[in-house]
Amino acid sequence: MQTDFRRHPLFEKAEALTRAWLRPGTGEVAALGQLAASPDGRRAAAAAQLCEALEGAPSTRIAIVDLASGDLDIVTDGPRSDSAPGWSPDGRSIAFLSDREQAYANRLRILDVETGADRATAAVNGFVEYLQWSADGKAILLGVAGYGSDLAGAQGAFSVSLESEAGEQPAWAPTVEGAPEAAPWRSVWLYDLASDTARQITPAGVNVWQAVWCGADHIAAICSDQPEETWWYSADVRLIEVASGGVRTLFEPADQLGSLAAAPAGATVAVVEAVCSDRNIVAGDLRLIDVASGEIARPATLDADVVQLGWRSDDTLLFVVADGPETAVGLLDRPAAASREIWRGGERTPSGMMFPEVAPLGSGAGDILFMCESFFEAPTLRALEEGTEREIRRFGTPEVDAAVAGLGSARDFSWTAPDGLEVHGWLLTPPGPGPHPLIMQVHGGPVWYTRPIYIGRSALPQMALAAGYALFQPNPRGSSGRGQAFARQVFGDMGGADTHDYLSGLDALEKAGIVDPARIGVTGGSYGGFMTSWLITQDQRFAAAVPVAPVTNWVSEHLTCHVPTFCEIFLDDRLSNPTGKYFSRSPIHFADRVKTPTLNICGALDKITPAGQALEFHHALQIAGVESVLLTYPQEGHGVRTMPASFDYTARLMSWFARHMPADPA
């Protein structure tokens with residue numbers, strides 16, 4: 001495989017498709033995220049995806065949308081990204097985060113809505129990850145990560161350090177791990193608008209993963225006693241007094257936590273408890289914590305996995321759930337402990353970074369604002385008001401829409417696993433009756449899921465469908481959206497029964513005449529990278545494989561990644577057990593069974609599935625006489641996320657499949 005792909009037709013195609021979506025240098029907005037409606041419900045602030053050049057990650061700017069007309073104004077200038085907008089209670093200001101001084105090192109800025117001017121605020125000791133206004137508008141809560149903190153896997157799993165510190169240490173000086181004084185912590189700060197000062201309010205020895213206001217005098221927080229990423233898996237909920245920093249534990253869960261939200265008066269804290277693979281990817285059961293008594297309630301939420309929470313009043317909680325192939329939005333009446341559904345979609349789903357997201361709108365408890373999309377429909381800003389849905393603004397371009405519309409169709413596909421379990425996934429097929437060559441795309445996690453995402457956003461599905469490949473995106477046992485018992489089936493059994501969920505899905509597609517059994521490929525990232533590597537050791541049907549950011553040796557993964565707790569939980573075994581799953585579920589130990597040509601891909605900065613995992617499997621395959629190529633992207637972390645590396649990645653992946661399982665075998 002050639003080393004320079006920049007003039008390869010597939011590289012140029014990936015670049016052209018990305019250019020058509022992002023329209024760099026035009027000032028056109030591709031899509032909106034992080035929606036926040038103004039207090040009067042007439043406007044919304046959002047992070048608008050805006051590309052200046054096809055370099056790095058697409059940047060964002062703060063935009064304000066008129067919700068009556070759909071008119072959109074970009075109100076910040078960057079550079080890099082402005083994100084996470086939040087309206088002041090009086091609607092006169094928007095607080096937001098910006099990394100314009102240094103990439104990924106966000107700082108709080110405040111925009112005057114009337115004048116359009118924004119200003120920097122007092123510095124904090126670290127970079128800001130989230131913000132929340134106080135109810136009186138006098139202060140802003142800031143979640144601050146110390147420089148050197150690791151990002152979660154969903155964010156890239158690399159460390160964010162202060163560039164100015166790089167020259168303070170000599171080039172020969174070591175990095176230090178294991179010394180408490182050397183570890184960066186996450187803390188909560190309060191920014192005071194009147195004095196333009198910021199102070200840390202959480203005490204030493206408390207690491208805060210997420211925090212929210214809980215009344216005027218307290219915050220509720222997801223905390224651990226140690227700062228490393230692996231300690232998130234055992235975090236609990238605590239109440240912290242703003243004035244004194246006093247801490248009281250409210251809830252110690254059996255599993256992991258996310259989506260923290262406190263009722264306006266601070267009497268009740270809502271949180272999602274779930275079996276989780278990664279921080280920021282939490283889908284599970286609602287817990288309501290009575291702050292005074294500590295009593296925990298477990299109300300029903302449409303019998304589905306909760307992925308987002310937001311209080312509309314002290315007695316009404318808005319929530320979003322993943323429900324199999326569908327997304328639903330509901331309202332919980334806390335006194336009655338009863339939920340009702342206000343919106344549901346199947347192939348149409350609210351947009352969101354990891355899960356579907358909605359924003360509360362106006363004073364109606366069930367009124368919401370959201371972006372909505374499907375595989376073949378571009379994102380659209382929509383409002384649900386008094387039960388009626390309306391379109392506000394459509395994104396994308398007619399040219400991209402027309403090109404995408406001709407690429408094929410998508411549908412939910414269900415089958416039965418060998419043990420009788422019903423499994424579902426998404427199937428995208430090019431025009432024509434089939435059988436088609438097929439690429440199975442395995443999602444990460446394992447506790448996550450695939451949902452409809454507009455293919456115009458990504459060059460890879462467009463190129464695959466245009467070339468004649470079908471795409472199969474399974475959601476096997478362990479996936480989100482089917483309840484905690486379904487997710488828990490992968491605990492202690494990674495590479496066990498879920499292996500047969502994938503294989504039986506392919507069997508069902510073959511039986512239905514959809515897939516050509518001689519031309520089946522597999523790819524996936526993170527857990528999908530592990531499963532790609534594992535499947536080719538267990539079954540010989542695959543003509544080509546592309547594992548991305550994989551785990552291939554659970555022993556070295558445990559000893560080199562920044563989340564060894566994940567390995568312990570999900571393998572349900574001990575590193576010291578020589579006959580246990582650390583060994584029996586590691587693909588490198590079965591490399592001699594592999595016949596499939598394999599393109600291994602990793603990022604040099606990845607701390608959750610370090611680059612050595614791909615390297616080990618690559619060498620094991622070479623020893624076994626299997627065709628194997630290793631790609632290590634020097635400036636990437638967990639997955640290939642920046643341009644032009646993403647063009648190179650897409651081109652090489654498509655070239656690998658075209659070489660080993662051509663769409664046109666003639």
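In the predicted model, four strands form an open antiparallel sheet in the order E15-E16-E17-E18. Strands are DSSP runs of E of at least two residues and helices are runs of H or I of at least four, both numbered from the N terminus; two strands count as paired if DSSP finds at least two bridges between them. Strand E15 (207-213) and strand E18 (247-251) are the edge strands, each pairing on one side only. Neighbouring strands of the sheet are turned by 30° against each other on average, direction ignored, with axes fitted as lines to C-alpha atoms and angles running from 0 to 180 degrees between N-to-C directions. Strand E16 (residues 218-224) is joined to the antiparallel strand E17 (residues 236-241) by six bridges, and Cys223 stands opposite Asp236 in E17.

Residues are numbered from 1 along each chain as its sequence is written. Local features need pLDDT of at least 70 and side-chain atom pairs count only at pLDDT 80 or more, whereas totals for chains, interfaces and linings use all residues; side-chain values use heavy atoms, with hydrogens and water left out.

Ser187 lies in strand E13 (residues 186-192). With a relative accessibility of 9%, Ser187 is classed as buried (buried, under 20% relative accessible area; exposed, over 50%; partly exposed, in between; 1.4 Å probe, protein chains only). The side chains of Ser187 and Trp189 make a polar contact at 3.0 Å (a pair of N or O atoms within 3.5 Å, one able to donate a hydrogen and the other to accept it within protein; residues adjacent in sequence count only if both atoms are side-chain atoms). Beyond four places in sequence, Ser187 touches Leu142, Gly143, Val144, Gln200, Thr202 and Val208, contact meaning heavy atoms within 4.5 Å.

The largest nonpolar core has 90 residues, and Leu438 and Met440 have the most contacts inside it. Such a core is a set of buried Ala, Val, Leu, Ile, Met, Phe, Trp, Tyr and Cys residues joined through side-chain atoms within 4.5 Å. Helix H6 (residues 527-538) provides the largest share of this core, six residues. Outside four places in sequence, the contacts of Met440 include Phe472, Pro474, Tyr502, Leu535 and Phe542. A second, separate core has 68 residues, among them Leu22, Ala44, Cys51 and Leu407.

In helix H8 (residues 564-571), Phe566, Cys567, Phe570 and Leu571 are buried. Viewed down the axis of H8, these residues fall within an arc of 105° and so line one face of the helix, the arc being that of the directions from the helix axis to the C-beta atoms. Helix H7 (554-560) and helix H9 (581-584) are among the elements covering the buried residues of H8. Asp572, which follows H8, has a positive phi near 50°.
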